[in-house]
Amino acid sequence: MNAEIIYKYFPHLSDEQLTQFAALGELYRDWNAKINVISRKDIDHVYEHHVLHSLAIAKIINFRPGTNILDFGTGGGFPGVPLSILFPECKFKLIDGTGKKIRVAQEVCDAIGLKNCSPTHLRGEDEKDKYDFIVSRAVMPLPDLVKLMRKNISKTQQNSLPNGVICLKGGNLQNELQPFHKIVETTDISQFFSEEWFKEKYVIYLPL
């Protein structure tokens, strides 16, 4: 599957964004052959399962210019790289404890000229800066993530949603979300994207 699936759901992209998204498939295929950041059987679905999935976050919030976002446990750059392309006036820092995965994210950013994205080899507990939002993709259970990253949420608000954590998750999340049931918001991704794969996949937003 190619980048057409991105243009289907995000039709108002600039020429530069179109070029950047179009380049991702081949870049990830090449780098994945050297450093495994996407499962071998999944690499043919990189646009649907990784790029578009990452962009589901943009269906619940349109980050304002100047927003500072941390992608925690980014792996090879998801959701941070696709979001950085979509929001060129926002700043993204992508962290992961595995150096070779961060290398892939950095090489992809360099290849497409992505200037607002900083992949960094760093563990969450060692991150000291403050951010408007922390995004992640199924890195760890939400209570553990909140415990680790609450310290990094800025008190200064500049978006339509209050600062907090936005996660991409799937399956039965009832137990995991129970501690936050009064404030957590769960959005079914299949209401945005019609592909079968998005059934039982969710964007989880937790204001902090």
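Modeller: Let us begin with the contacts of His50, which, when residues up to four places away in sequence are not counted, touches Ile38, Asp42, His45, Phe78 and Arg137; contact here means heavy atoms within 4.5 Å. Please keep in mind that this is a predicted model, in which local features need pLDDT of at least 70 and side-chain atom pairs count only at pLDDT 80 or more, while totals for chains, interfaces and linings use all residues. Residues are numbered from 1 along each chain as its sequence is written, and side-chain values use heavy atoms, with hydrogens and water left out.

His50 belongs to helix α3, which covers residues 46-55; helices (H or I, at least four residues) and strands (E, at least two) are DSSP runs, numbered from the N terminus. Its relative accessible area is 8%, and therefore His50 counts as buried, a word that stands for under 20% relative accessible area, with exposed for over 50% and partly exposed in between, using a 1.4 Å probe and protein chains only.

Phe78, which His50 touches, is joined to Pro79 by a cis peptide bond with omega near 5°, and Pro79 sits in the loop between β1 (68-72) and α4 (80-86). Arg137 is also a partner of His50, and strand β4 covers 133-137, with Ala138 in the loop between this strand and α6 (142-149). Ala138 has a phi near 50°, a positive value in a residue other than glycine, and at a relative accessible area of 52% Ala138 is exposed. Another positive phi, of about 65°, is found at Glu200, which is not a glycine either; Glu200 is placed in the loop between β6 (185-188) and β7 (201-207).

Of the 208 residues, 53% count as buried, and residues 24 or more positions apart account for 72% of the contacts with a separation of 6 or more. In general, nonpolar side chains tend to be buried together in soluble globular proteins. A nonpolar core is a set of buried Ala, Val, Leu, Ile, Met, Phe, Trp, Tyr and Cys residues joined through side-chain atoms within 4.5 Å, and the largest one in this chain has 51 residues, with Ile6, Phe10, Leu24, Tyr28 and Val81 having the most contacts inside it. Leaving aside neighbours within four places in sequence, Leu24 is in contact with Tyr47, Val51, Val81, Ile85, Val108 and Ile112. A second, separate core of 19 residues includes Leu70, Leu145, Leu173 and Tyr202.
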